Amino acid sequence: PGVCPLPAGRRALLALVRRSRHRQLPLRELEGGKAPPGTRLGVPFLLHDLLGAQQLLSVPTPSGPLLRLAES
């Protein structure tokens, strides 16, 4: 019994993308940077979860994947 860290981690990553310019971030910026507070499960796991839930979209670019906030 404890609080599930998944919703808090999702909110933290989505907030990071929402605050970014044009609501999109390069994948390497999220993976290489410091993890936001509340992401106890790890950034790669949470990114995979958000991509699977279609809350983030991965857009291929010549410089690497770009993560974009899905249209609501």
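# Helices, loops and a salt bridge

User: How many Å should the 15 residues of α1 span at 1.5 Å a residue?
Analyst: Let's start with the terms: helices (H or I, at least four residues) and strands (E, at least two) are DSSP runs, numbered from the N terminus. The expected span of a helix is 1.5 Å times one less than its number of residues. The end C-alpha atoms of α1 are 21 Å apart, which agrees with the span that its 15 residues should have, 21 Å.

User: What kind of model is this?
Analyst: Residues are numbered from 1 along each chain as its sequence is written, and side-chain values use heavy atoms, leaving out hydrogens and water. Local features need pLDDT of at least 70, side-chain atom pairs count only at pLDDT 80 or more, and totals for chains, interfaces and linings use all residues, this being a predicted model.

User: Are α1 and α3 roughly parallel or roughly perpendicular to each other?
Analyst: Axes are lines fitted to C-alpha atoms, for helices over the stretch in contact, and angles run from 0 to 180 degrees between N-to-C directions. The axes of α1 (residues 5-19) and α3 (residues 43-52) come within 10 Å and cross at roughly 85 degrees. Angles under 35 degrees count as roughly parallel, over 145 as roughly antiparallel, 65 to 115 as roughly perpendicular and the rest as oblique. The two helices α1 and α3 are therefore roughly perpendicular.

User: How many residues of the contact of α1 with α3 are nonpolar?
Analyst: Contact means heavy atoms within 4.5 Å, and by that rule Leu6, Gly9, Arg10, Leu13 and Leu14 in α1 meet Val43, Phe45, Leu46, Leu47, Asp49 and Leu50 in α3. Ala, Val, Leu, Ile, Met, Phe, Trp, Tyr, Cys and Pro count as nonpolar, Asp, Glu, Lys and Arg as charged, and the others, Gly among them, as polar. Besides one polar and two charged residues, the contact of α1 with α3 has a nonpolar group of eight.

User: Which residue does Arg10 meet in a salt bridge?
Analyst: A salt bridge is a side-chain nitrogen of Lys or Arg within 4 Å of a carboxyl oxygen of Asp or Glu, and the structure holds one. The pair links distant parts of the chain, helix α1 and helix α3, 39 residues apart. At 2.5 Å, N to O, the side chain of Arg10 meets that of Asp49.

User: Is Thr39 buried or exposed?
Analyst: Thr39 sits in the loop between α2 and α3. Leaving aside residues up to four places away in sequence, Thr39 touches Gly9, Ala12, Leu13 and Leu46. Buried means under 20% relative accessible area, exposed over 50%, partly exposed in between (1.4 Å probe, protein chains only). With 11% relative accessibility, Thr39 therefore counts as buried.

User: Which residues of α1 are buried?
Analyst: The buried residues of α1 pack against β1 (24-26), α2 (27-32), α3, β2 (56-59) and β3 (66-69). They are Gly9, Ala12, Leu13, Leu14 and Val17.

User: What is the positive phi of His22, in degrees?
Analyst: Most residues other than glycine have a negative phi. His22 lies in the loop between α1 and β1, and at 60% relative accessibility His22 counts as exposed. Although His22 is not a glycine, its phi is positive, at about 60 degrees.

User: How many Å separate the C-alpha atoms of Gln54 and Ala8?
Analyst: Gln54 is in the loop between α3 and β2, and its 60% relative accessibility makes it exposed. Gln54 and Ala8 are 46 residues apart along the chain, and their C-alpha atoms are separated by 17 Å.
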